[in-house]
Amino acid sequence: MKKISVRHIWINTFGLIVKKPVIILPFFIIAFLEALTLELVYFSGRNPLAIIVGPIVKKFFGEGFTHYPYCIYAIPRVFNFLQIVIYVLAGTLLTAISINIFKNVKAGLPLKQNALLKNGISRYGAFVALGIIMVLIMLLLEKAGGFAFSKFTNLSIKYLPAVVMKIYPLVFAALLFLANAITQTFFIATLPLMVMDKKPLLKALLQSVLLGLRNFKTVFILVFLPFLLYFPITLLKGLSVQLAGKMFPEIILLILLLGVLATPFVECFVFISIAQFLLEKGERKEK
Amino acid sequence: MKKTVLILISILVAVYIALTLFSVDNEYVAEKMLYRAAKTNEKITANPDVVPPSMRDFVEKSLQKILEKYPETDAAKATRFALAEFYIYNKKYDKALPVLDTIISAKDADKMTLSRAYFVKGNVYERQNQWDKALAEYAILRDKYNDTPLGMQIPIYIGNYYIGKGDDERADRAFREAAAFYDKIARENKGKVMGYTALSLMRDIYIKSKEYRRAGNVIEEILEDYKAEIAMIQQLPYVELVFEKSLKEPEKALEIYKFVRDNTKNDNLKKLLDKKIDDMSKKETEDGKKR
């Protein structure tokens with residue numbers, strides 16, 4: 001059987017998103033929620049929001065972080081936590097709705113807002129559970145990355161020349177980014193499988209891992225290349241404190257906003273590509 | 001679709017505008033202005049010869065604006081020091097002094113702020129070669145704020161000033177006065193952190209003026225009165241310097257090392273001291289045989 005071409009999937013996905021832009025709408029809603037949260041976090045450093053948020057920030061970050069510019073430096077950590085909450089509580093549901101729209105468009109079914117919402121909410125618990133599992137996996141990966149970084153750094157200082165040490169953090173960030181993409185390769189299809197094939201969570205998870213193993217190259221490319229758009233943003237996030245010191249503290253916000261703005265396009269393209277891939281795979285099997 | 005996206009964007013813009021309008025926080029605005037002025041000042045101090053005058057004007061005007069518009073904020077307190085230091089750096093001493101006087105005369109000023117203000121004021125006089133006036137400010141600092149870090153250290157600072165000027169006689173007198181000052185504080189605050197700090201500074205003065213016997217006595221007093229581990233550890237280098245190297249009394253040093261070893265719970269320190277005691281004991285035996 002002839003292999004499914006990545007180029008073909010991308011052309012189809014892009015064409016479909018352009019033809020039916022409503023597919024991307026749920027991702028815009030996620031971006032909207034994140035941007036709104038970012039606004040609230042930004043303004044929480046001053047009154048009247050500071051009256052409520054100030055004591056919490058003082059308790060978790062210390063007195064210094066209630067003052068300018070340190071209140072801006074605390075934003076990435078607070079926002080990162082809130083992004084996780086948004087992802088678990090709304091992100092998975094809205095992504096599922098987007099995949100459902102894709103499925104209906106492909107099947108030539110009408111797009112009824114209420115039906116789509118009802119469909120998604122009926123499996124809300126499973127979507128939240130998937131969100132929690134994905135967050136735990138990513139946190140584990142982050143911890144493992146941090147541990148590996150400290151171990152390798154100790155070795156590198158001993159054996160690597162000074163010039164290499166200068167680009168070492170960049171290389172390590174790239175490796176972590178790659179590890180993230182590889183992990184996603186095994187889990188990315190869970191949600192499309194849950195929505196399109198109505199599979200239960202654990203079965204969908206297992207099948208997603210198997211799909212990643214059997215079609216590693218295709219799924220990896222489908223995930224990794226669009227995700228590359230995130231790489232400069234990830235690097236900027238890592239350097240944001242230094243940039244803030246050299247330029248102005250609010251640059252931290254702009255970098256976070258850049259990440260929020262890129263999300264709907266990248267995430268939508270990746271998920272719909274995977275859904276398209278699953279669809280084409282299914283069609284070939286039927287033939 | 002387009003309508004929904006436009007509504008979402010409109011909500012974001014509306015929330016931003018509303019929060020900008022309703023977030024009236026003088027403290028925040030003052031802190032932001034102070035930060036920007038401090039950043040610009042950093043650039044000036046990094047390259048003082050090539051910066052345009054407009055940068056200096058920006059710093060001065062920004063700091064003055066904070067004091068005019070937000071005088072009640074906490075940021076204004078920091079701003080006064082920033083402005084005084086800005087003037088001092090730019091050698092505008094006549095402008096720095098009134099700012100420092102404002103800090104000193106403020107009713108709500110705490111001891112740390114006041115001690116710093118007196119020190120900076122003394123410094124301004126010092127830079128203008130008006131040592132008598134500087135000394136008057138430092139005397140206030142010493143007499144009224146001796147429970148602050150600056151007030152505590154000022155007697156040594158005065159002694160060091162005379163050393164810097166090559167005036168050994170006045171330096172000796174200043175250090176003697178300083179030792180008496182610390183001795184008084186140590187007696188009044190026995191067993192307290194302040195008492196420990198005073199004894200430590202007294203020990204440093206005696207070492208500096210090569211009065212090792214007196215320095216040794218202070219070390220013994222510290223070990224007797226302050227049995228906290230950190231206090232004992234901090235004395236060890238001085239025990240070596242004073243008893244072993246200067247007074248040539250290794251048996252006294254040995255006695256102190258044994259005392260610390262027996263009173264510490266720190267295993268690493270115990271091991272270290274055991275080795276030191278062993279080495280010293282062996283050396284003492286060898287020296288005895290030679291004799």
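Accessible areas here come from the Shrake-Rupley method with a 1.4 Å probe, and for residues only the protein chains shown count as cover. The model is predicted, so local features need pLDDT of at least 70 and side-chain atom pairs count only at pLDDT 80 or more, while totals for chains, interfaces and linings use all residues. Residues are numbered from 1 along each chain as its sequence is written, chains are lettered from A, and side-chain values use heavy atoms, with hydrogens and water left out.

**Exercise 1. Describe the fold and the surface of chain B.**

Step 1: Begin with secondary structure, where helices (H or I, at least four residues) and strands (E, at least two) are DSSP runs numbered from the N terminus. Chain B has 14 helices and zero strands. The radius of gyration of chain B, taken over C-alpha atoms, is 28 Å, well over the 19 Å that the globule rule (2.2 Å times the number of residues to the power 0.38) gives for 291 residues, so the chain is more spread out than a compact globule.

Step 2: Turn to the extent of the chain, whose C-alpha atoms fill a box of roughly 100 × 60 × 40 Å along the principal axes.

Step 3: Consider the surface, of which chain B exposes about 16800 Å², with carbon and sulfur atoms supplying 54%. Of its 291 residues, 42% count as buried, a class that means under 20% relative accessible area, against over 50% for exposed and partly exposed in between (1.4 Å probe, protein chains only).

**Exercise 2. Characterise the interface between chains A and B.**

Step 1: Phe32(A), Phe43(A) and Tyr68(A) supply 29% of the area that chain A buries against chain B, more than any other three residues.

Step 2: Follow Tyr68(A) into the backbone, where its peptide bond to Pro69(A) is cis, with omega near 0°. Pro69(A) sits in the loop between helix 3 (49-61) and helix 4 (70-73) of chain A.

Methods:
Buried area = accessible area lost by both parts, 1.4 Å probe.
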